Amino acid sequence: MAQPDQKKFFENLSGAGKAIAVLTSGGDAQGMNAAVRAVVRVGIYVGAKVYFIHEGYQGLVDGGENIEEAKWESVSSMLQVGGTVIGSARCKEFRTHEGRRAAALNLVLRGITNLCVIGGDGSLTGANLFREEWSGLLDELVQQGKIDKESAEKYSHLNIVGMVGSIDNDFCGTDMTIGTDSALHRIIEVVDAIVTTAQSHQRTFVLEVMGRHCGYLALVSALACGADWMFIPEMPPADGWEEQMCTKLSETRSRGSRLNIIIVAEGAMDRHGQVITSNIVKDLVVKCLGFDTRVTILGHVQRGGTPSAFDRILASRMGVEAVLALLEASADTPACVVSLCGNQAVRLPLMECVQMTQEVQKAMDERKFEEAVRLRGRSFENNLNTYKLLAHRKPQSELPIDDPSCRSSFNVAVLNVGAPAAGMNAAVRSAVRVGITEGHKIFAVNDGFEGFAKGQIKEIKWGDVGGWTGQGGSLLGTKRTLPAKHLEKIAEQMKANQINALLVIGGFEAYLGLVELLAARGKYDEFCVPIVMVPATVSNNVPGSDFSIGADTALNAITDTCDRIKQSASGTKRRVFIIETMGGYCGYLASVGGLAAGADAAYIFEEPFDIRDLQANVEHLTAKMKTSIQRGLVLRNENSNENYTTDFIYQLYSEEGKGVFDCRKNVLGHMQQGGAPSPFDRNFGTKIAAKAMLWISRKLKETYRKDEGRVFANTDDTACLLGMRRRALVFQPVVELKNETDFVHRIPKEQWWLKLRPLMKILAKYKTSLDVSESGQLEHVVRHRRPEESEGVPA
């Protein structure tokens, strides 16, 4: 981290005299508009001129009205719109030298030397070639008399920054591309709808999803819906797969399931290069099993609809980073692409990423499938490893044997603690199935620590958790009760059921519960077992983790509601909405929801505010209402201030805005806990719980005392919280997290998302300070990592 005197601040970067153009190219993807909006507003904020290039490279070649100067208001109301508002087109002319020369002329005539390209690898490769040829193109234009020498010297180099917009997530170097999360939302909405009809009729459904060259959508949607079988280009099935698949489907039915789901990527094939289509799979199931089988091909539905909260935030963050990269670029800076690594925006050399993406295809063509998976990157690799862990129940003969020297017959208890959060059930399912695969007996505890004390505990089997991934809330039941009052009874239950390890899935109460169990280890030997916590709470207020299961679903609920509320004002002039969000003292939902919904202000506890701030916000909105943008959105975290309540802020705005705008208020309440979990929460819950269970297996073996015939674990590193920290999932001893915790307000002392708050203010036209010390480092693509080095990252 840079020292205070070395810090770089965004407001010190000037775009005066610079011109930036933004274009979207290739296939459209939800979230592209959020990226365009961020580039335009941040560019204008730093004093640069910003231009839209309509219809992608075609507009760049054709020039004229296709290149239009953008104003602040030009990008209003486009955050929630799918596709790309400025248009996209395939362009043959740009592939020719003459076409690129025409494009160069159109840019030079407007003084544009900074180009931001949002598209796939083809679009970005084209941009890099354009940059490499730039000086030669200008020389040709001088010779043809179309520009003078002074212009050629003044605009002598072109800076390129790319953002990847692709629903397939097929670009190496980034964990997620803009549009992928939204496409997963469309797929999962369809799967959830299909599940209900399939169960009614005892049907098998074969779903074909996009992904001609990349199986990411099929892989993650298979994880997120608990599919029975999956076909992706990167993992062709072994010979004899037909019989294996049919055996698996009939086993699922024999365990009482009324449906089967099979996901097929459109580019799926077998190990001999033979195409596997959804109809081939359907015909096989009908022929071998006689099951009533239907095919659904999702097609362009996956590209449609509004962008998810994740895509809006990702695109907004990338857009800001892209403008920073352009402002800092020099003639020697290579064209770069803004990527996501874990939870960090990074810059990578564009051609390194393109080269690696091409290497994946080369590996696939040469049938080097393991190599292709490794080149795809750690996000893809971790998803695939988790799928393999969960997909197929091992026969009894393959499970670890009951030999204490290898493994004792361990019993692991799983419980949910705190308020329900969407994705908890996906985490429980994953933990149960991985635990069984590891050879453990898994016990489900109902109603948290309170249920534990009452003996509400029973063994849970593989088939018991079928269909759990798409269920909201907590099927195990969950309570906020802490264990301190019930320690003796919980210890008795652990002894009676011979519990050797605990997996606790929950929020701040779960964290406090672990602290209390740790403190009781000296008195009760029963708590001297490996204990791990997986964070699950809509508030996202657990120390030691950037993300908690359930927070993404809550963000989407907030974003959807804000979209509808804003839309309700489209026929009404000049209206401001005051919306209260959940979160206790944690302002995550209000702040990040505000960024995703395009809010003008978000009041939170972590950033104290007074009457002067409120007055400044009212004046800012009053000025805004006199422009063509006549809607305002203000979010308030429920515990942001005990005196400045939602009612108070509503009344203040109503009074001060008289004659200029009127106000409405809305308290979102428990609807934020969401219904069905989002794809992110299903996937994150599935992966993080699988990783937690593998940690438990390892700790059980380490702490098993042969001479005593029991597990004994009382060191700090045997009671951990598994959290997402920047770029990796890490196990952190709960004892060490105590110093990072504000126990009074139930929040971490430091919260990464506070750095996103200035982005929301800048995009709402406030002058503010933004520390960009951590930006600007061009990194290199990490390649050829072994699977065992790989850390789990949510995608």
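1. H7 passes H13 in a left-handed crossing, meaning that the near helix is turned anticlockwise from the far one by less than a right angle (clockwise would be right-handed). On the H7 side the contact (heavy atoms within 4.5 Å) involves Tyr216, Leu219, Val220, Ala222 and Leu223, and on the H13 side Ser379, Phe380, Asn383, Leu384, Thr386, Tyr387 and Leu390. Sorted by class, these residues are 9 nonpolar, 3 polar and no charged, with Ala, Val, Leu, Ile, Met, Phe, Trp, Tyr, Cys and Pro as nonpolar, Asp, Glu, Lys and Arg as charged, and the others, Gly among them, as polar.

2. Before reading further, please keep the conventions in mind: residues are numbered from 1 along each chain as its sequence is written, and side-chain values use heavy atoms, with hydrogens and water left out. As this is a predicted model, local features need pLDDT of at least 70 and side-chain atom pairs count only at pLDDT 80 or more, while totals for chains, interfaces and linings use all residues. The protein chain has a mean pLDDT (the predictor's confidence in each residue, from 0 to 100) of 91, and 93% of its residues reach 70 or more.

3. An open sheet of 7 strands is arranged in the order S3-S2-S1-S4-S5-S10-S11, with mixed pairing; helices (H or I, at least four residues) and strands (E, at least two) are DSSP runs, numbered from the N terminus, and two strands pair if DSSP finds at least two bridges between them. At the edges stand strand S3 (67-69) and strand S11 (344-349), each of which pairs on one side only. If direction is ignored, neighbouring strands of this sheet are turned by 25 degrees against each other on average.

4. Within that sheet, strand S4 (residues 114-119) and strand S5 (residues 159-164) run parallel and are joined by 6 bridges, and isoleucine 118 stands opposite methionine 163 in S5. Helix H1 (residues 32-45) lies across strand S1 (19-24), strand S2 (49-53), S4 and S5, and runs at about 175 degrees to S1. H11 also packs on the sheet, where it touches S5, strand S10 (336-341) and S11, and its direction makes about 85 degrees with that of S11.

5. Helix H11 (residues 350-365) packs with helix H4 (residues 121-143) as well, at an angle of about 135 degrees and with their axes 10 Å apart, which means that H4 is oblique to H11. H4 passes H11 in a left-handed crossing. Asp121, Leu124, Thr125 and Asn128 in H4 meet Leu350, Met351, Val354 and Thr357 in H11, and by class this contact has 4 nonpolar, 3 polar and 1 charged residues.

6. What is the order of the open sheet of 4 strands? The order is S7-S8-S6-S9, and the pairing is parallel. Strand S7 (229-231) and strand S9 (293-297) are the edge strands, each pairing on one side only, and the twist averages 15 degrees from one strand to the next.

7. In this sheet, 6 bridges join strand S6 (residues 204-209) to strand S8 (residues 260-265), the two running parallel, and valine 209 has alanine 265 in S8 as its bridge partner. Helix H6 (residues 180-201) lies across S6, S8 and S9 and runs at about 165 degrees to S6, while helix H8 (residues 241-254) packs on the sheet by touching S6, S7 and S8, its direction making about 150 degrees with that of S7.

Methods: Axes are lines fitted to C-alpha atoms, for helices over the stretch in contact, and angles run from 0 to 180 degrees between N-to-C directions. Angles under 35 degrees count as roughly parallel, over 145 as roughly antiparallel, 65 to 115 as roughly perpendicular and the rest as oblique.
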